[in-house]
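These are my notebook entries on a structure that I had not examined before. I set out to look up its parts step by step and to record what I found.

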Number of protein chains: 2
Amino acid sequence: MNAAEKSLTSTSGRSFRDAPPPGAPEAAKPLDAWLLAKVSAFLNNPPLEFAIRDGAVLSPAEPAAARVTFASRAVLMSVLADPALRFGDAFSDGSVTVEGDLVSMLEIVNLSNTMNGKPETFLRRALRRPRTNTLAGSRDNIHRHYDIGNQFYSLWLGSTMAYTCAYYPTPTASLDEAQVAKMDHVCRKLRLKAGETVVEAGCGWGTLALHMARHYGVRVRAFNISREQIMYAREQAQRAGVGGQVEYVEDDYRNITGRYDAFVSVGMLEHVGVENYAELGSVVHRALGGRGRGFIHSIGRNYPAALQPWIEKRIFPGACPPALSEMMRIFEPWDFSVLDVENLRLHYAQTLRHWYELYEAASDKVRDMFDARFVRMWRLYLAGSIAAFTTGKLQLFQVLFAPGESNDIAWNRADIYAP
Amino acid sequence: MNAAEKSLTSTSGRSFRDAPPPGAPEAAKPLDAWLLAKVSAFLNNPPLEFAIRDGAVLSPAEPAAARVTFASRAVLMSVLADPALRFGDAFSDGSVTVEGDLVSMLEIVNLSNTMNGKPETFLRRALRRPRTNTLAGSRDNIHRHYDIGNQFYSLWLGSTMAYTCAYYPTPTASLDEAQVAKMDHVCRKLRLKAGETVVEAGCGWGTLALHMARHYGVRVRAFNISREQIMYAREQAQRAGVGGQVEYVEDDYRNITGRYDAFVSVGMLEHVGVENYAELGSVVHRALGGRGRGFIHSIGRNYPAALQPWIEKRIFPGACPPALSEMMRIFEPWDFSVLDVENLRLHYAQTLRHWYELYEAASDKVRDMFDARFVRMWRLYLAGSIAAFTTGKLQLFQVLFAPGESNDIAWNRADIYAP
């Protein structure tokens, strides 16, 4: 049993089976039972129990992994009308509750609802809401997620404050170990040499730039449009005494200037929008000028599809994880050679499990900072993200590339894995 | 200096500078001089000398890496009218000769003629000749290249008879070492375990299937539509005593039946045609049935473009190396997860250098088997292929993938590089 399978069978310890059995459904509730059957059928009758609070209960034939309770028939009908969007809102405001393991429940829903080899149709793709990742739109979108408080993020991201997929040398590594290993994995793939220059697009709290400067002896210019993150990053660099080696620039990646030996972007592409990929490619093309190496790390998909609608609305406005065919729009117009793609999907599931644990342990503090609704909203986001990676709805791609005319590329990948 | 750069400066030993200087151009030849200037300008005035036999000579300002001589003004005008197609034919029939290093000359032409970030337009793509990779068309196309004689190929492919990019653990490895290392590299990426079943699409002379059966204890069904190759492969398997473990099937990949733990295809995709990729994906989808691993090794491109026209006409009818965005048409409609892409472009250049050396050493035998025209035609094909890989006009992609819903995937890639 591998790590991902283990998570499918793990439980949170809270057992809904200990709850008192619901009262016998009243005579007036056949409609409720019918509606619950609809929910179950919509999900291809998964091993989940569905209930209306103090009312009808629908149990599956096999043992249920979790029970989903709707506060009322009205809530149930509202969710049924637009489940992709309203389930999340109802969970956040407490009108839908889940007893049992939330991650397992979401994994079951994902697997019940597979697209079975039918990717997004052309029509559905055309009907996607337009993204708003203009310069101003991006600033607003990023502000809404990343500027809600460094103190909040520090509760559950671990000591590195890296808010992207870690790299676990072994599945039992700690979160902090894996985040440091991720930074080294990136630097090794880029074959950074002391004295080189690096430009980073979307630097988060600045940890990777700092790590590169400290441990690889390079000079880094790191761009980010989140003010809170930039301020935190500058303070860290000063404290670490590498302020002269790392420059944090509060600006959009589209405004990158200068020539560099390497371009790196970890966890920004999700916010760029497919319509801006050719422009991103032109920025990298200009920054590398026919030599050097580039590296992009991003959440992705097995096929083109929009982000889960509730996540896009409530958590990541303007975000879209690309399929590899879409990512190629960055590289192909500029004759970049893709040298190496690695999919770290299960590593992101593990990273998220660690975040989720820390988040749950700090949920009282989060409630004090925000409110109970916020606690539940982010609980669903983190649990849903674990489930998305364990069930293959999301991927994590690391792509190493170089200008097509450059032969200054590594002979093979053995050096990345040399002790 | 890396291996590719080295090749750019190497010479074949035949020095055109030792040739007697051409006679002074006659008064009647200003048109010839003008035409030669046209050729040079068309290639952005590369460091090459251009001449008409016993006539005009155009020398570049810098030292020339090679001299290209046209037999007459008529030949020159014919090549100028359609260089991509007619240069190859003129070289083959001897009416264009190259003194100096042929590979260097072709590399210079490639680099003089870069597309500078402008990939194929939609119109040019639409105007590409339709490919003919129907079941019958493929059989004909494959017959024309692979059935010209096992004895011929055995002159220059080395003892493994592997006619695909090798994997050089170090740049100094021998051809045979690198071909064996390639087979192990493929098997390691596929994480083959004893007792598993493998289906191979396009098995060449059967060496990989044999290697898998012998060294990894798997059972292999290997498909190929080249009769000469299949007959050779069966004989080898009998001789090696693994006839019961490897079945060579003379049939098209589209007719693969049964379920397998792994799908593998090394060097067939170039012949499939982009229009058949979704169907190839469906074949793999059916063969794996929601579990297992898949692996495709193929020549590719940094952006969509047709194969060099002369190569497509004279050497590989119906062939087209895909861009990664095009390759995704195999995977995305079937929810396959791309796990690992490795670009081995410089390894193919090295493989081709070894083939080219062996080919040149056996050129008298090749002349006896065919004729002088054939010798030159294949000389240009091999030298041109080296140049295409060293200048980034062609890539070599190895793609590992798995059904999207499967979590039975390797934790990371360290095991591939473990001693």
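**Entry 1. Chain A as a whole.** I counted the secondary structure of chain A and found 18 helices and 11 strands. I noted that I am working with a predicted model. Of the 419 residues in chain A, 51% are buried. I then looked at contacts in chain A with a separation of 6 or more, and 72% of these join residues 24 or more positions apart.

**Entry 2. Domains of chain A.** I looked up the domain assignment of chain A, which gives domain 1 as residues 3–112 and domain 2 as residues 135–417. Their C-alpha centres lie 35 Å apart. Where the two domains of chain A touch, 18 residues of domain 1 are in contact with 22 residues of domain 2. On the domain 1 side, I found that α1 (3–9), α4 (83–92) and α5 (102–112) of chain A each supply at least two residues. By class, this side of domain 1 holds 11 nonpolar, five polar and two charged residues.

**Entry 3. A sheet in chain A.** I traced an open sheet of four strands in chain A, with the order β2-β1-β3-β4 and mixed pairing. Strands β2 (57–58) and β4 (96–100) of chain A each have a single partner strand, so one side of each is left without a neighbour in the sheet. I followed β3 (residues 66–70) of chain A and found that this strand pairs with β4(A) in the antiparallel sense over five bridges. One pair that I recorded is Ala66(A), whose bridge partner in β4(A) is Gly100(A). Helix α3 (residues 73–81) of chain A packs on this sheet and touches β1 (49–52), β3 and β4 of chain A. The direction of α3 makes about 105° with that of β3(A).

**Entry 4. A sheet in chain B.** I turned to chain B, where four strands form an open sheet in the order β2-β1-β3-β4 with mixed pairing. The edge strands are β2 (57–58) and β4 (96–100) of chain B. Five bridges pair β3 (residues 66–70) of chain B with β4(B) in the antiparallel sense, and Arg67(B) stands opposite Glu99(B) in β4(B). I also looked at helix α2 (residues 30–42) of chain B, which lies across β1 (49–52) and β2 of chain B and runs at about 145° to β1(B).

**Entry 5. Where the chains meet.** Which residues make up the contact between the chains? I found 41 residues from chain B and 40 residues from chain A. On the chain B side, the elements that each supply at least two residues are α1 (3–9), α14 (324–331), β10 (336–343), α15 (345–361) and α18 (414–417). Strand β10(B) gives the most, with eight residues. Strand β10 (residues 336–343) of chain A runs antiparallel to β10(B), and three bridges join them. Here Glu342(A) stands opposite Asp340(B).

**Entry 6. How the copies are related.**

Definitions and conventions:
Residues numbered from 1 in each chain as written. Chains lettered and ligands numbered in written order. Predicted model: local features only at pLDDT ≥ 70, side-chain atom pairs only at ≥ 80, totals over all residues. Pairing = 2+ DSSP bridges. Contact = placed C-beta atoms within 7 Å. Axes fitted to C-alpha atoms, helices over the stretch in contact; angles between N-to-C directions. Domains from an automatic or database assignment. Nonpolar A, V, L, I, M, F, W, Y, C, P; charged D, E, K, R; others polar. Buried ≥ 20, exposed ≤ 12 C-beta atoms within 10 Å, placed from the backbone.
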